[in-house]
Amino acid sequence: MRALLLCFLVACTSRTAQPTPSPPSGAQGELALPVASEACTLETPLVEGVPGSPGHLLPSAITPNGQSELAALMRTMLDDLKQARVAIEGGAGIAPMLARHSKIRCAWPTTPSERNQRFDVMAQSYLMVVEALEKAPKAGARAAFNDAVDGCRGCHEKTCSGVLVALEGLPFSL
């Protein structure tokens, strides 16, 4: 999977992203995470002034100044992966997460200029491994899970590396 991600990274070029519509926040500052539609792409314009957009950050117990829509989504994604790990350890199926994680392609990032072709390619690669994880048979679930975590790690090694500590200990030893 890393080879596939690397091929995508080498092939893509940077471009400026267009701004995009975001959902309203839920109760108590929690981000409402609707199912992303096929329209959720790099070309989906972001709407200024919505919760999680620049100047309108979402409340956060972790980040005193608030968090962007994408930061809140990624925290949800991490929680989903942690729950999936527990389910896999217990021999159970995992809860669906692809629809929620697909919002990664059209959520306001902390730094708007980082929503670009390079990020979008990495997001698409990550979504492909999440889809594979959801479809993985129990015998292959641990490896598929590790691929999903590697997708997170691959992106965060390029940008926002402080998050890497949150991924430590998440992959299975195979």
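Reader: Which residues is L70 in contact with, leaving aside its neighbours within four places in sequence?

Author: In this predicted model, L70 is in contact with I104, A107, W108, P109 and F119, once its neighbours within four places in sequence are left aside.

Reader: And how far apart are L70 and W108, in sequence and in space?

Author: L70 and W108 are 38 residues apart in sequence, and their C-alpha atoms are 5.4 Å apart in space.

Reader: Is L70 buried or exposed?

Author: L70 has a relative accessible area of 7%, and because buried means under 20%, L70 counts as buried.

Reader: Which helix is L70 found in?

Author: L70 is found in helix α2, which covers residues 69–89.

Reader: What follows α2?

Author: Helix α2 is followed by G91, a residue whose phi is positive, near 80°.

Reader: Let me step back for a moment. How many helices and strands are there in the protein chain?

Author: The protein chain has 6 helices and 0 strands, and from the N terminus on its elements run α-α-α-α-α-α.

Reader: What share of the residues count as buried?

Author: Of the 174 residues of the protein chain, 44% count as buried. As for contacts between residues at least 6 apart in sequence, 72% of them join residues that are at least 24 apart.

Reader: Back to the helices, then. At what angle do α2 and α4 cross?

Author: The axes of α2 and α4 cross at roughly 25° and come within 13 Å. Because angles under 35 degrees count as roughly parallel, that makes α2 roughly parallel to α4. The crossing of these two helices, α2 and α4, is left-handed.

Reader: Which residues make that contact of α2 and α4?

Author: On the α2 side the contact is made by L70, M74, M77, L81 and I88, and on the α4 side by F119, Y126 and L133. Sorted by class, the residues of this contact between α2 and α4 are 8 nonpolar, with no polar and no charged ones.

Reader: L133 is in there. Is L133 buried or exposed?

Author: L133, which lies in helix α4 (residues 117–135), is buried, with a relative accessible area of 2%.

Reader: What does L133 touch?

Author: Not counting residues up to four places away in sequence, L133 touches L81, I88, I94, M97, A141, A144, F145 and A148. As for distances, the C-alpha atoms of L133 and N146 are separated by 9.0 Å, and these two residues are 13 apart along the chain.

Reader: How do α4 and α5 pack, then?

Author: Helices α4 and α5 pack at an angle of about 170°, with their axes 8 Å apart, and they are therefore roughly antiparallel to each other. Helix α4 passes α5 in a left-handed crossing.

Reader: Which residues meet there, in α4 and in α5?

Author: From α4 there are F119, M122, Y126, V129, V130, A132 and L133, and they meet A141, A144, F145, D147, A148, G151, C152, G154 and C155 in α5. By class, the residues of this contact of α4 with α5 divide into 13 nonpolar, 2 polar and 1 charged.

Reader: Is α5 itself mostly covered or uncovered?

Author: Helix α5 is mostly covered, since 12 of its 16 residues are buried; among them are F145, V149, R153 and H156. Helix α5 reaches 23 Å from its first C-alpha to its last, close to the 22 Å expected at 1.5 Å a residue.

Reader: Last pair: where do the axes of α2 and α5 come, and at what angle do they cross?

Author: The axes of α2 and α5 (residues 141–156) come within 10 Å and cross at roughly 160°, and the two helices are therefore roughly antiparallel to each other. The crossing of α2 and α5 is left-handed.

Reader: Which residues make that contact of α2 and α5?

Author: Helix α2 brings M74, L81, A84, R85, I88 and E89, while α5 brings A141, R142, F145, A148, C152 and H156. By class, this contact of α2 with α5 has 8 nonpolar, 1 polar and 3 charged residues.

Notes
Residues are numbered from 1 along each chain as its sequence is written. This is a predicted model: local features need pLDDT of at least 70, side-chain atom pairs count only at pLDDT 80 or more; totals for chains, interfaces and linings use all residues. Side-chain values use heavy atoms; hydrogens and water are left out. Helices (H or I, at least four residues) and strands (E, at least two) are DSSP runs, numbered from the N terminus. The expected span of a helix is 1.5 Å times one less than its number of residues. Axes are lines fitted to C-alpha atoms, for helices over the stretch in contact, and angles run from 0 to 180 degrees between N-to-C directions. Angles under 35 degrees count as roughly parallel, over 145 as roughly antiparallel, 65 to 115 as roughly perpendicular and the rest as oblique. A crossing is left-handed if the near helix is turned anticlockwise from the far one by less than a right angle, and right-handed if clockwise. Contact means heavy atoms within 4.5 Å. Ala, Val, Leu, Ile, Met, Phe, Trp, Tyr, Cys and Pro count as nonpolar, Asp, Glu, Lys and Arg as charged, and the others, Gly among them, as polar. Buried means under 20% relative accessible area, exposed over 50%, partly exposed in between (1.4 Å probe, protein chains only).
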